[in-house]
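Please read the following note beside the sequence and the structure.

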Amino acid sequence: MVDLDDLAHTPVLLVALDFDGTLAPLVDVPSEARMGAQARQAIDRLAALPDTHVALVSGRMLADLKLVSEYDPESRLLLAGSHGAQLHLPSGYEAPPLAHPSPEVATFSDDLAEALSALDNVWVERKPYGFVVHTRLATEHGTTHAHAILDGFARDRLHGWRRRGGHDVVEYSERAEGKDGAVHALRAAVGATAVLFAGDDETDEDALRALQPTDLGVRVGGGSTAATLHVADAAEMADLLTRLADLRTRNQSS
Ligand SMILES: [Mg+2]
């Protein structure tokens, strides 16, 4: 089984990380999520090492991911937003062109928001290629009711759209991109010989299942997973990234 030491020795390393729940603790107000100082320092150290690339791979829209990750335009971090439907690569990397969303995205998300408007603490977030229904602050009854409305709406109108569940969210997207595709594109863009991928949610399992034998998958928190390594929470994940930065720094200076 691949371990941190193997990753420290691989010629070109890609460290691809989910943001919410993995680098930043989950919070009630999504716009207030931030990574802790230790996680920040570990990814900055890794990104500064030669032949070492760090990517944030999130379901959030790219603009939103830049905001919560406090993205510095000078940074060498690679970003994949909307589960990989939006890529942001620093200069020197080749990025594939983006597709235009269809007009149904706006119509469907407005109609669904209207259908859910009577429910407290349930809201619809527009995404470039779909929408997310948030229920984190809703009661159990409200959540069940919201899901019933959403399921009916999907049956009637969202034919061929991809459904993704997560912690207190359900997302529908007209685009099939998943984090597996995002990691595939990032791996190719940097020419990685091994990948560390870490995530805490159902959508991260797409990427974890698609990892190769030289890669290491990490699952943050509970739940069934294809990952071979587990950590309890974002704080333990920051410890793991710090250990990897230490090992790779030592290896590259010896
Ligand atoms: Mg997450």
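1. Helices (H or I, at least four residues) and strands (E, at least two) are DSSP runs, numbered from the N terminus. This is a predicted model, in which local features need pLDDT of at least 70, side-chain atom pairs count only at pLDDT 80 or more, and totals for chains, interfaces and linings use all residues. Residues are numbered from 1 along each chain as its sequence is written, and side-chain values use heavy atoms, with hydrogens and water left out.

2. The magnesium ion has the protein donors D18 (OD), D20 (O) and D200 (OD), which lie 2.1 Å from it. Donors are N, O and S atoms within 2.8 Å of the metal (3.2 Å for Na, K and Ca); water is not among the atoms, so sites may look incomplete.

3. Along the chain, these donors follow the spacing D-x1-D-x179-D. D18, in the loop between β1 (13–17) and α2 (37–48), and D200, in the loop between β9 (194–199) and α7 (202–209), are 182 residues apart, so the pair links distant parts of the chain.

4. D18 is buried, at 5% relative accessible area, and D200 is buried, also at 5%. Buried means under 20% relative accessible area, exposed over 50%, and partly exposed in between (1.4 Å probe, protein chains only).

5. Most residues other than glycine have a negative phi. H83, not a glycine, has a positive phi near 60 degrees. H83 lies in the loop between β3 (78–81) and β4 (86–88) and is buried, with a relative accessible area of 4%.

6. N121 is likewise not a glycine, and its phi is positive, about 60 degrees. The loop between α4 (104–116) and β5 (123–127) contains N121, which is partly exposed at 46% relative accessibility.
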